[in-house]
Amino acid sequence: MIWMIVSKDKYEFPLGVYDTATELAMAVGTSANCVMATVNKFEKGKLKWSKYRRIREEEDDEEPN
């Protein structure tokens, strides 16, 4: 999973990319619980916009050669 903070404009450019919610939280000066709660509310449609994003990486079903 990738955690990001994005710009507050129509483009939502990534301003920071992190491996964990904890790393993102430390970078912006908040708690990991705050980041995760905000992302969950945004993904469920309870918030119109969030500066935090969670990107789930798809796993390949195929075996590498």
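Trainee: Which strand is Arg54 found in?
Mentor: Arg54 sits in strand β3, residues 52-55. Strands are DSSP runs of E, at least two residues, and helices are runs of H or I, at least four, numbered from the N terminus. This is a predicted model: local features need pLDDT of at least 70, side-chain atom pairs count only at pLDDT 80 or more, and totals for chains, interfaces and linings use all residues. Residues are numbered from 1 along each chain as its sequence is written, and side-chain values use heavy atoms, with hydrogens and water left out.

Trainee: Is Arg54 buried or exposed?
Mentor: Buried, with a relative accessible area of 15%. Buried means under 20%, exposed over 50%, partly exposed in between, with a 1.4 Å probe and protein chains only.

Trainee: What polar contacts does the Arg54 side chain make?
Mentor: One goes to the side chain of Asn40, at 2.7 Å. Another goes to the side chain of Glu43, at 2.6 Å. A polar contact is a pair of N or O atoms within 3.5 Å; within protein, one must be able to donate a hydrogen and the other to accept it, and residues adjacent in sequence count only if both atoms are side-chain atoms.

Trainee: And what else is Arg54 in contact with?
Mentor: Leaving aside neighbours within four places in sequence, its contacts include Met1, Ile2, Trp3 and Val39. Contact means heavy atoms within 4.5 Å.

Trainee: Switching to the core. How many residues make up the largest nonpolar core?
Mentor: 9 residues in all, among them Trp3, Leu24, Val35 and Tyr52. A nonpolar core is a set of buried Ala, Val, Leu, Ile, Met, Phe, Trp, Tyr and Cys residues joined through side-chain atoms within 4.5 Å.

Trainee: Which elements each supply at least two residues of this core?
Mentor: β1 (2-6), α1 (21-28) and α2 (32-43).

Trainee: Which residues of α2 are buried?
Mentor: Ala32, Val35, Thr38 and Val39. Seen down the axis of α2, they fall within an arc of 135°, so they line one face of the helix. The arc is that of the directions from the helix axis to the C-beta atoms.

Trainee: What covers them?
Mentor: The cover for the buried residues of α2 includes β1, α1 and β3.

Trainee: What comes just after α2?
Mentor: Gly45 is there, with a positive phi of about 85°.
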